[in-house]
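Here is a short briefing to read alongside the model. Please keep the sequence and the 3D view open as you go.

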Amino acid sequence: MAAVIQLSSASSNLEGYLNGWTSGYSSTYGAFWDEGNGLVTNPLSTTVYEQWGNGATGGNGIYMEGEFQYSRGNLTGTVDSITLGSGFSQSASTGFSVSADLLITPDSTFPSASQDVFDWAIYDLTVNSSLDSLYDYLAAVGTEIHDTAASDTLVGFGGADTFVFSSGNDTVKAGPTGTYGYQDGVDALDVSAWGVTDFSELLISDLGGNAFIENFLSGDTITLNGISSSVLDASDFLFA
Ligand SMILES: [Ca+2]
Ligand SMILES: [Ca+2]
């Protein structure tokens, strides 16, 4: 299992997006929400909440949806989605809202019954206004990162990432501390949407110290920053 990350036009440059989101985010210590109780800042361990959100009104914010309980720093239950965006708002009647810039679908292993990396991610967002522990969580579970049809800048994390390319001239590189570029032997490159069925159909070269992968039929490309093309072989790719 892995967390699934979907970029949008707003987060197409994921490196720039994560830096900008962090600088425009300030924790208001967050709140839980469910339809029956509205917004709750001191959650009860006996209540199942449907949302948790954090951010200053009108600024960058985050909220998650699912069915979860919270007690003494320990979130349990299921989280279905995590959304990062701008224009944060909260309402007792309808819960939280942000522009849906970056959508993360968590894997099913977290949050677990005990305190875990997912809880630290919430803690870091709340106490330090930081995504650092969310990056640690994404490293722990691995990710599937889906690009947009345009040209994107993707960043990975410390675990096994599968970068899924649709089209465009995309780049994979390290972003903020705790994010990573392509890690050979750890990460995978999914070019199945290109319609490429075999390694020999890819044109691979070195360009300015980066590995450069071309689909010469469509003109779609992938640049792996700081990677030598010599390390790439069929085992690094997922084909159609
Ligand atoms: Ca990785
Ligand atoms: Ca793309």
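**Around the calcium site**

Gly159 and Asp161 are both buried, where buried means under 20% relative accessible area, exposed over 50% and partly exposed in between, with a 1.4 Å probe and protein chains only. The model is predicted, so local features need pLDDT of at least 70 and side-chain atom pairs count only at pLDDT 80 or more, while totals for chains, interfaces and linings use all residues. Residues are numbered from 1 along each chain as its sequence is written, chains are lettered from A and ligands numbered from 1 in the order in which they are written, and side-chain values use heavy atoms, with hydrogens and water left out.

**Calcium ion**

- Phe157 (O), Gly159 (O), Asp161 (OD), Gln183 (OE1), Asp187 (OD) and Asp187 (OD) coordinate the calcium ion (ligand 1) at 2.2 to 3.0 Å.
- Donors are N, O and S atoms within 2.8 Å of the metal (3.2 Å for Na, K and Ca); water is not among the atoms, so sites may look incomplete.
- Along the chain, the donors of the calcium ion (ligand 1) follow the spacing F-x1-G-x1-D-x21-Q-x3-D.
- The arrangement is irregular because the 6 donor atoms around the calcium ion (ligand 1) subtend angles of 47 to 167°.
- Six donors count as octahedral if opposite donors are over 155 degrees apart and all others between 65 and 115.

- Strands (E, at least two residues) and helices (H or I, at least four) are DSSP runs, numbered from the N terminus.
- Strand E10 (residues 143-146) runs parallel to E12, joined by 4 bridges, and Thr143 stands opposite Asp161 in E12.
- E12 is also joined to strand E14 (residues 188-190) by 3 bridges, again in parallel, with Thr162 opposite Ala188 in E14.

**The sheets**

- An open sheet of 11 strands, with mixed pairing, has the order E3-E2-E4-E5-E6-E9-E1-E10-E12-E14-E18.
- Its edge strands are E3 (38-40) and E18 (237-238), each pairing on one side only; two strands pair if DSSP finds at least two bridges between them.
- Another open sheet has 5 strands in the order E11-E13-E17-E16-E15, also with mixed pairing.
- Strand E11 (153-154) and strand E15 (203-207) stand at its edges with a single partner strand each, so one side of each is left without a neighbour in the sheet.
- Strand E13 (residues 169-172) and strand E17 (residues 220-224) run parallel, joined by 4 bridges, and Asn169 has Thr221 as its bridge partner in E17.

Technical notes
Tetrahedral: all angles 85-135°; square planar, octahedral: opposite > 155°, others 65-115°.
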